[in-house]
Every structure is written in C-alpha cells, then in structure tokens.
Amino acid sequence: MIKNFYETILAQSTPIGYGGIGIIRISGKKTKKIAKKILNIKLKSRQAKYTSFKNKKGKIIDFGIAVYYKSPYSFTGEDVLELQCHGGQKIIELIIKSIINLKIKNTRLAEAGEFTERAFLNKKIDLVQAETINNLIYAKSENTIFSAIKSLKGSFSKKIKKIISLIKNFLFKIEKEISFSEKEINFKKIKKIKKKNNLIYKKIKKIYKKSNKSKFINNKISITIIGKPNVGKSSLMNFLTNKKSSIITNIPGTTTDIIKEYININNFNIEINDTAGIHKTNNKIEKIGIKKTWNKINKSKIILFLENAFDISEKNIYNLYNKIINKKIKKKNRILYLIRNKIDISKEKYKIIKKKKYTIINVSIKKKYGINKIKSEINNKINNLNKENIFLIQQRHLNLIKKTFKEIKNINKILKNNTNKKNINLDIIYFNLFNSQKFLNEILGKKKFTSKKIIRKIFKNFCIGK
C-alpha cells in the first residue's frame, strides 16, 4: 500500500551548473495541480510531451519535455512529474521559483535523499537498494558500478531474505517445541535442530565471506610498501605508479611521511603507499612517520615487505616479517609479498617462491631484474577478485552480518558442547535466532526492526534531487 505523504516535494535532479539538459523532479499529491498551472496541457501517464513551462502569470520561461508518472507506477510510488528543460542554471532556478510562487498548499523544496526515502517507505525498494543508488552515483570504478547493479537488481537482498525465511521457519519450530513439549527432547529432534542450524550457518558464513571481499573491492584496494630504511621502497613505488612520486637517495630515512598515489588495475581503484622505514629512532619527525606507517599497514589489503637480499635469506625473511610486522597487525587476512631486493649485489638470480600464506620474490629494482613479475603478480591477484560475482555492501551491512554470524555460531556451540543431549536450552537458541532475524531485517530496513534515526541518517548522505 502506498503511503500518502501530505507534502509535495520538488528539487533539481541534475547537478548544479550548466549543461545540455536540466531536470526538475516533483513528487506528491499536488503534482497534477502543479502540472496544470505551469504546463496547461493534458498529461498521460508515462508519456513524454514537448511543451512550454510557464510562470504564475502565464509567461513562458522555457520549452522542454514533461513526463508524468501516475501513482503507484513511479520511482517514489506517488504521482511524479519530471521537467526536462535547457541546462542553464538560471532557467532551472526560475522554473523552481515559479512553482514555489504558485503557493500551492503543502508544497516545498525536497531535502537530501527525500525522493529515494519515499521510494523506500512506499516499499518500491528496500534499504539495501536505496543505499546502492547513492553508491552508484558516487562510483569511482567500473567494478563499483557492476557490483552496485547486482545489488540494485536485488541479488544481495534475495540472499538475505532466503536466510530470514529459514530462520523464521526454525523459530516457529523452536517456539512450538518450547510451548507444547512437556517431555525431554529426544535424539531425533536434536538431530533435526542441528541440521536446520547447520544449513543457516553455512549460508550466513558464505555471505559473510563474500561481504568481507565486497567491502574492499567496492571502495579501493590499498597496497602498502614497507621495510626498514634504504631497502628500495621508493624505487618500487616509482616503478609501480610509473611516476617519480618518491625521492630516491642513498640516505636512510629520506621518506618520513606516507606518499600516496592512485592507479587503476583491471578497473579497480588502487591506492599505493610508500611509507617511512620502520626502525628504532629518537627523531620526533621519524616517529610520527613510523606511527602513520603502522596505521596504513592495518588498513591495507596487499603488503609488499622489502628487505635487502644480502641481509636476509629466503628461509628467514618470513620469520623476520613475522617478528617485526605480523604480530602487531590487528587484522590478518592480507595478501603478502616478501621481496628480497638488490640480488645484483648478493649475486643471485631472479626467483619466485609461492607459499600458502605468502609469496617470496627475489629482484633487483635498480637493474630491473624480475620487477615486472611483482606487477604481474599483483595484477593476477586483483584479476581473480574481478571474476567473482560480488555485490555492493556497506559497513552497516557488514556489522549486522557479523552480529548474525555470531548468534548462529553460538547455537552451534550450544549444540556441540551440550553433553546431556536431552537437556538443551531451547530458550537460549530461540533468543539467538530472534536476534539473527532482527539483524538481517535491519539490513533490509524492515520497519519493525530499523529505527527512524538510522533511516534518516542514511538518506541525509544523498544529494538533493535524488
């Protein structure tokens, strides 16, 4: 059922400035009345009409296209009118001013994201799809666009709805068991409970893994080059970016702050960071630089750890990384390359050694031995991510999926650790399931589970006119 908002809203939908076309959108109960006053023509739903746009006194402001969408067959679910005029900013402002000057009761300028908010409240889209629209507008790469389209079509929402349906069914069975069963739960019933929970567990685990990947794919992938001073970090940075971003000298500690560059690999937005060398120092400026390096390491997906080949063997480089870096990293799911540079000095040949947790590459950046392999390795890793069918996801969704996963895992623990199989606490299982359902419904923006404050906060991030 379409909700009747008492106010009719209007706004410029195209960016402020000058262009070929300017679009003004009007939505609400007074749309037809406004159309009659400024167009003075009969409008049929979903038909474009070339006409003049007039002010209160009947003076023509501009000529353009008017498209009317009758409720509920519109983006917002209400009566909607879109006016396509010439793209001069003054013309657009004059048309909006003329509509406001009509002084039609309960007509006002729209707030940020209000058209999409009405579409959501009228159940034309769910909250995931609404958030995706905003991300589609601000997309910086092809991957963001393609994964956003998947979410807009409802692929992510469908997966969430399927899990909610399984949880609902499970809740009903548990509730029935609590209410009507006076006897102890037999082994067959426990087996059924385990089976149902395992099915939910597998599905939520799968979506949790995809969501983690989606988070960095749809924003940017951060690559950070780290190591002690004078191991070739700046030279590698310049090679990867094909720019002379970093100053190269033989003096240790030349880079005292993070140098950041952006490149595009396989349609991914890649941030590459050259960092201050990690070492013990009393220099205040160097200490600040090293602190920034640690922060950047913790935010990076790919780490390139450089060492001088003549200082460390292939066998010991991971142990050194583990001792200096790995133990201090908060999140462990990194793609790690251990690069032994300056093999021209250590008199070694180029080599690549692939391990389960990391890859070792022996190179000489100065002599250009093997350095193209570093680039191709990174390209291949990113290309593999590109092949995955990943949807667009927000941090809000990820947090709620994490909470859901925790609740379902807790049920697994109860079922696994309970030694007295006839005395499983169904009340706790019911509570865990209810919370899971609540968190997943909050992702979709279901009214019962999502506060008005959260909804308004989401739509305030939208532009006016959307």
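Helices (H or I, at least four residues) and strands (E, at least two) are DSSP runs, numbered from the N terminus. This is a predicted model, in which local features need pLDDT of at least 70 and side-chain atom pairs count only at pLDDT 80 or more, while totals for chains, interfaces and linings use all residues. Residues are numbered from 1 along each chain as its sequence is written, and side-chain values use heavy atoms, with hydrogens and water left out.

**Confidence**

Colour the chain by pLDDT, the predictor's confidence in each residue, from 0 to 100. The protein chain averages 83, and 85% of the residues score at least 70. Then select residues 251-256, where the pLDDT is below 50; beyond near neighbours in sequence, this stretch has 15 contacts in the model. Contact here means heavy atoms within 4.5 Å.

**Helix α6 and S157**

Select S157, in helix α6 (residues 155-180). S157 has 2% relative accessibility and therefore counts as buried. The accessibility classes are buried, under 20% relative accessible area, exposed, over 50%, and partly exposed, in between (1.4 Å probe, protein chains only). Leaving out residues up to four places away in sequence, S157 touches D126, V128, Q129 and L444. With D126 there is a side-chain to side-chain polar contact at 2.7 Å. A polar contact is a pair of N or O atoms within 3.5 Å; within protein, one must be able to donate a hydrogen and the other to accept it, and residues adjacent in sequence count only if both atoms are side-chain atoms.

**The cores**

A nonpolar core is a set of buried Ala, Val, Leu, Ile, Met, Phe, Trp, Tyr and Cys residues joined through side-chain atoms within 4.5 Å. Select F156, I160, I429, L433, L440 and I443, the residues with the most contacts inside the largest core, which has 32 residues. Two or more residues each come from α6, α7 (187-217), α13 (395-417) and α14 (426-444). The largest share, 8 residues, comes from α6. Show the surroundings of L440: its contacts, not counting residues up to four places away in sequence, are I160, I163, I164, I167, I204 and T404. Apart from this core lies another, of 25 residues, among them I263, I335, Y337 and I371.

**Salt bridges**

A salt bridge is a side-chain nitrogen of Lys or Arg within 4 Å of a carboxyl oxygen of Asp or Glu. The whole structure holds 15 of them.

- Select E111 and R456, whose closest N and O atoms are 3.5 Å apart. The pair links distant parts of the chain, 345 residues apart: E111 is in the loop between β6 (107-109) and α3 (114-121), and R456 in helix α15 (residues 452-459).
- Select E314 and R340, a salt bridge at 3.8 Å, N to O. E314 is in the loop between β10 (302-308) and α10 (317-324) and R340 in strand β11 (residues 335-341), so the pair ties together parts 26 residues apart in sequence. E314 is partly exposed at 23%, whereas R340 is buried at 2%.
- Select E442 and K438, also bridged at 3.8 Å, N to O. Both lie in helix α14, 4 residues apart, about one turn of the helix.

**Backbone stops**

Show the peptide bond from S71 to P72: the bond is cis, with omega near 5°. P72 sits in the loop between β4 (60-69) and β5 (80-87).

Next, select N40, a residue other than glycine with a positive phi, near 60°. N40 is in the loop between α1 (31-38) and β3 (48-54) and is exposed at 55% relative accessibility. Finish at K347, where phi is near 60°. K347 lies in the loop between α11 (343-346) and β12 (351-354) and is exposed, with a relative accessible area of 73%.
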